[in-house]
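User: Can you walk me through the ring contacts and then the pockets in this one?

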Amino acid sequence: MGNSEEHRSRARRPLAWNVLAAAGLAGLVVSACSSPAHKDAAPKPKPTTTTSTAPPPACPLTGLPSPGGSVPQRPAMAVKIDNYPAGRPQSGLDKADIIFEEPVEGGITRFAAVFQCQNVALIGPVRSARNIDIGILGQFGHPLLVSVGGIDPVLSDIAASPITEIDLRTDSSVVQNPPGRFAPYDTYAATGALRALRPADHTRPAAVFSYSRVVPAGTPAASVAITYPGSDAVWTYDPATRQYLRSYGTAPDVQSDGVRNSAANVIVQVVQVTYGPWLENDQGGLEVQANLYEDASGPAAVFRNGVEITGTWSRNSLGQPTSFVSSSGVPIELQPGRTWVELVPTSVPVTVTP
């Protein structure tokens, strides 16, 4: 990341040859004393043949074999999910391929959960779009974006981008309101029903990450804590499952069905953010803006298989995937599986525990 057995002593070779000669002589004696083979002796067994089965195709956004045996012919679909404490626990995140945690107004975060290979019967609570979603999702080609609207400047920018918006204020026929949930945290839907609203696009997204089961060189990382103003996101490595498990501080982050949020890869992407010029709410919260694709770059760290690989991220156009390169200049390959991208403002502390 072989031991040779080719060398034998010449002193033993005459012995080996004598053994072979004796065996040959004994064979001649046995043959001479034996009767000829009977004409209807047992036939020789027919040679067996084996056929190799090709592995199932890999999902473009996870690198894992497709659960259905073939990769669905459909675009990536992002669903905006609330992460305000009153909106927890969420549903359906464990079926997403990639999840982005993005900063929004007031120091809180929201999720953009990206689905392609799998469906889920209930995803939510769904909330409004943000301008930063354009930079996040442009790398998926022509994705769908599911939200409960947004402010007018944001919706105008999304309409001018390659993203197709599904606004659950107008596409309300697919909305589910689970019992025990109350507005504005009660808007849910099934991914199959959402896709049926925009059935024309059958273009699969290209991969945005490279995958390998070979673990890159890195430093041990048992956990990583991101101190967002609204709550601490803590990822702790579980060697038994080779997954990072998510918590809010010391409390496990568990979905409504009891499944804990986890990821094979956690990417900390440090970004420069600004605020404004638009108001997002009547409390004076300003829209968070971040340059994610116009000759953009910054520090990054990838956590996988219990190690941290530090480096940088960069991206030069909206349709280009974000590149993650190690400090030694080598592209960072991810473990096949779900990836959680933490978009971390430069002002937010990140603490790694070896």
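**Rings and pockets**

Analyst: Phe 111, Trp 235 and Trp 340 are linked into a cluster by ring pairs. Rings of Phe, Tyr and Trp (its six-membered ring) pair if their centres lie within 6.5 Å; planes under 30 degrees apart are stacked, over 60 edge-to-face, the rest tilted. This is a predicted model: local features need pLDDT of at least 70, side-chain atom pairs pLDDT 80 or more, while totals for chains, interfaces and linings use all residues. Numbering runs from 1 along each chain as its sequence is written, and side-chain values use heavy atoms, with hydrogens and water left out.

User: How many aromatic pairs in the whole structure?

Analyst: Six. In one of them, Phe 100 and Phe 140 have ring centres 6.2 Å apart and planes at 80 degrees, so the pair is edge-to-face.

User: Switching topic. Which residues lie nearest the centre of the largest pocket?

Analyst: Glu 105, Ile 108, Arg 110, Asn 281 and Gln 283, out of 14 lining residues. A pocket is an open set of points on a 1 Å grid over the protein atoms alone, where a 1.4 Å probe fits, with protein on both sides within 12 Å along at least five of seven lines; lining residues have an atom within 4 Å of a point.
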